[in-house]
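Subject: Handover of a structure, with notes

Hello,

I am passing on a structure for you to look through, and my notes on it follow below. Please open it first and keep it beside you as you read.

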Amino acid sequence: MTTISIEAVNAPPLRRHRRLPDKWAWLLMAVVAGILLVWEAAVSWLHLVPESFLPPPTAVAAAFVELLGRPDFWQAFVFSLQNLAIGLVLAVIVGVIVGLAVGWSPVLRFTVAPFLWLLYSTPKVALAPLFILVLGLGNESKIALVFLLAVFPIILNTMEGAVTVNASLVNAARVYNVNGVALGWKVIFPATLPYSLAGIQRGVALGFTGEVLGEFLGGAGGLGHLLEFAAYQFEMAEAIAMVFVMVIVANLLLALISALRKRLAPWYDDRQVMYGA
Amino acid sequence: MSAMSAIFASGPNIGRRGLASWLAGLSAGGRAAVLAVEVLLLLVVWQLVVGVWGLVNPVFFPAPLDIARGFGELVASGSLAANAAISLQAWLIGFALAVVVGIPVGLLMGGSLPVDKVVGPIAWTIYATPTIAYQPLSKAWFGFGIGPVIFLVTVSALFPILLNVAAGMRTTSPSLLRAGRVYGASRFELYRKVFLPSTVPFLFAGLRQAVVLATIGMVVAEMTGSSSGMGALIIKAANTYQTDQAFAAIFVVVIWSVSMTQVVSLVERWTAPWTRKARR
Amino acid sequence: MTTTTIERPEPGASAPLISVRNLTVSYNVARTGKTLTAIEGVDLDVREGEFVTVLGPSGCGKTTFMNVIAGLVKPTSGEVLVDGRPVTGPGPDRAVVFQDYALLPWRTVFDNVKFGLEMQSRLKGDGWRDRVQEAVELVGLKGFESSYPRELSGGMQQRVGLARAIVAEPRILLMDEPLGAVDALTREVMRDEIEKLIAATGKTVLFITHSIEEAILLGDRIVVFKSHPGAIKEVIETGLERPRSERSVQSEPRFLELRDHLWEALQHEATAAARVAGS
């Protein structure tokens, strides 16, 4: 307690000081506003960049508002998020089970883990054309892609969590006669949960990539398709607005998982997960 | 790879008997041998299931020997060399750009609170969005060719480098900083002799992550907006049902990704030997 | 050199090397917005060559006390004088041995030991190499010069910390529970070694500990801290002969008497602290 407080007060000038959220939020907003202003000025007033190439923020904002009023946008929205959700749920179920099993069993860890590591670091997006070839242009190929891309970070993180579950924690549980299912449910699962959630967070980002890539390659709907089409038509204002939609969706999804993590595993210091490995 | 060895080294000891204890007792060489046997076994089963018994349609999932043949065809026709050269060029240029921009900006973020507070949220927002979302814009802006590929590789690799460097600066151990101050280090010396070396392991962690993401960015960009490069080769092969060639090309990309990660680790071991595990 | 505001002691009288006057340190806890007083109204004089141990329960502000003398924390009120001059920051006349060793992980043993000299721009000429080597050997690490801290045990790492502190030839050694993270056996061995080392160099030492035995075995005087807020409870002269070895001292009646006394004092403090924490 004492030492932490000393750091906060007497930290060298370069270290992070106590947060003053308001002040920095204002600064951030000012900088973003400044960027938008320069952008607007460069395009609309000074004509440094052709408007068809980079439309001004006002045009993008107008396109954004227009998008939100279009039914086909919401159709695409539902299409993409539905596939994403199905793929992710499957990935979470399979990922957590496989991760726990491999993390817990030394034999599996030895025989299967190296392959999982290899597959994890493989750019699996390269398999996308084959998925479309096999599963067609519909929902299935996208769901499968989401699953494929999302499942490995979940497996690997859960596995690391299960391995890291302190042996002494397990021993302590055994002393109190906690065994079998109860051991798994009361000790191993909660202890690995923060790791799994970190994996799910990565999995969501990769799953999103899978969904959008699937829509780019075998376009039959979805946000990716809409974006691709707008860019193809050189409707740049709409295309940029679509990119903003994706930025918002991706960040909201991550914020959701973060909130979930704080709620389900409030005891855990998430910095450990993020930079631990 | 260190994470992998850590997984082998540690872990709950309970219930370790029979096969498990035998595996645990193996030397490094013995483990490699067991893994090699495993890989061989896997390939043989795969060959049998697809190639010999024909349980799976080989067009969708070609057998190992077919993939090897496909690889031979790609080499013989010269298309592998031509496309790999283009990919390599785009990857290296894009990655170099990311390093050149990412390290200084990361250092600036780690060293200056206002910069961190402004650039940080913006960087995290862009990083959280899969780079594939920027591909159509990049195509519209940079045309059909190597331009959008370089752009996507750079954007993919930039943020892991930048954010890790910034995090490394910010998490420099306060106790080391105190020691530096006690022994009279100036502000500049604190930077050079405490902050920077502390950041090195984070930099390499970021670079390793960047290698993987850059490769994904490259493949995505080439598949969706280029007529050349490994991604384009994969797409062309798949669309003409030459899946053996597609798989061969995919393996080349995988080997590239894995070996670049190894290169980063090697450079780390060479430039930052203190991060190596204790021997005793 | 300008010490106009400070009254110089009479020449001839042995002036204290360290003089702490009415020292108070408090800080704002950013999360709650409250002000916390770490230490309040501390007065202490330490003579040149004296070995003073500071004993107290955890959270009594003894580390803050040491950090002020080291120049790492600024006093809220009161002052610390070293050799008659007020402390405004870290200086080459004081070296610190940290509880968590604080060795730079990217430097070998040799390069860690030379760190102090390097920061004070004292690497000119060739003499420094011998001095660093000498310090490494003095703490018994000959043969480990090119090892990294990671490759050493806790006890060995703290020997590096000790060598780093003495090589810069400070007048004052500040030791913040240097053996707190070391295993019990190594601890006993290192206690004896520190005692001998300090006796040989004649340095002034402020040694922080929460071990009663350590405080008696090493100190000429024991400063007992109380908590909430941190302040000096009492100062005791040990009056034990030097050189002391762990075994011989522990059977002396004076040792036992001191131990019982300190134990009672600390127990009282600990229960008081628990009551405050619980309320």
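**Chain B and its helices**

Read from the N terminus, the elements of chain B run α-α-α-α-α-α-α-α-α-α-α-α, which is to say that chain B has 12 helices and zero strands; helices here are DSSP runs of H or I with at least four residues, strands are runs of E with at least two, and both are numbered from the N terminus. Before going further, please note that this is a predicted model, in which local features need pLDDT of at least 70 and side-chain atom pairs count only at pLDDT 80 or more, while totals for chains, interfaces and linings use all residues. Residues are numbered from 1 along each chain as its sequence is written, and chains are lettered from A and ligands numbered from 1 in the order in which they are written.

Along its principal axes, the C-alpha trace of chain B spans about 75 × 60 × 30 Å. Within this chain, helix H10 (residues 187-225) and helix H12 (residues 243-271) of chain B pack with their axes 9 Å apart and at an angle of about 160 degrees, where axes are lines fitted to C-alpha atoms, for helices over the stretch in contact, and angles run from 0 to 180 degrees between N-to-C directions. H10(B) and H12(B) are therefore roughly antiparallel to each other, given that angles over 145 degrees count as roughly antiparallel, those under 35 as roughly parallel, 65 to 115 as roughly perpendicular and the rest as oblique. The crossing of H10(B) and H12(B) is right-handed; a crossing has that name if the near helix is turned clockwise from the far one by less than a right angle, and is left-handed if the turn is anticlockwise.

On the H10(B) side, the residues that meet H12(B) include Phe204(B), Leu207(B) and Arg208(B), and on the H12(B) side they include Trp256(B), Met260(B) and Glu268(B); two residues are in contact if their C-beta atoms, placed from the backbone, lie within 7 Å. By class, this contact of H10(B) with H12(B) has nine nonpolar, three polar and two charged residues, where Ala, Val, Leu, Ile, Met, Phe, Trp, Tyr, Cys and Pro count as nonpolar, Asp, Glu, Lys and Arg as charged, and the others, Gly among them, as polar.

**Chain A, and where it meets chain B**

The contact between these two chains takes 55 residues from chain A and 60 residues from chain B. Several helices of chain A each supply at least two residues to the side that touches chain B, among them helix H2 (21-45), helix H7 (128-135) and helix H10 (180-217), and H12(A) gives the most, with nine residues. By class, that side of chain A has 45 nonpolar, six polar and four charged residues.

One helix pair spans the two chains: the axes of H7(A) and helix H11 (residues 230-239) of chain B come within 9 Å and cross at roughly 15 degrees, which makes H7(A) roughly parallel to H11(B). The crossing of H7(A) and H11(B) is right-handed, and in it Pro129(A), Leu130(A) and Leu133(A) meet Ile234(B), Ile235(B), Ala238(B) and Asn239(B).

Inside chain A, H6(A) and helix H8 (residues 139-164) pack at an angle of about 135 degrees, with their axes 9 Å apart, which makes H6(A) oblique to H8(A). Their crossing is left-handed, and the residues of the contact divide into nine nonpolar, no polar and no charged.

**Chain C**

Chain C has nine helices and 10 strands. Four of the strands form an open sheet in the order S2-S1-S4-S5 (chain C), with antiparallel pairing, where two strands pair if DSSP finds at least two bridges between them. The edge strands are strand S2 (34-46) and strand S5 (85-86) of chain C, each of which pairs on one side only. Two bridges join strand S4 (residues 77-82) of chain C to S5(C), and Leu81(C) stands opposite Pro86(C) in S5(C).

Towards chain B, 20 residues of chain C are in contact with 16 residues of chain B, and the largest share of the chain C side, three residues, comes from H3(C). The residues of that side divide into 15 nonpolar, two polar and three charged.

With best wishes
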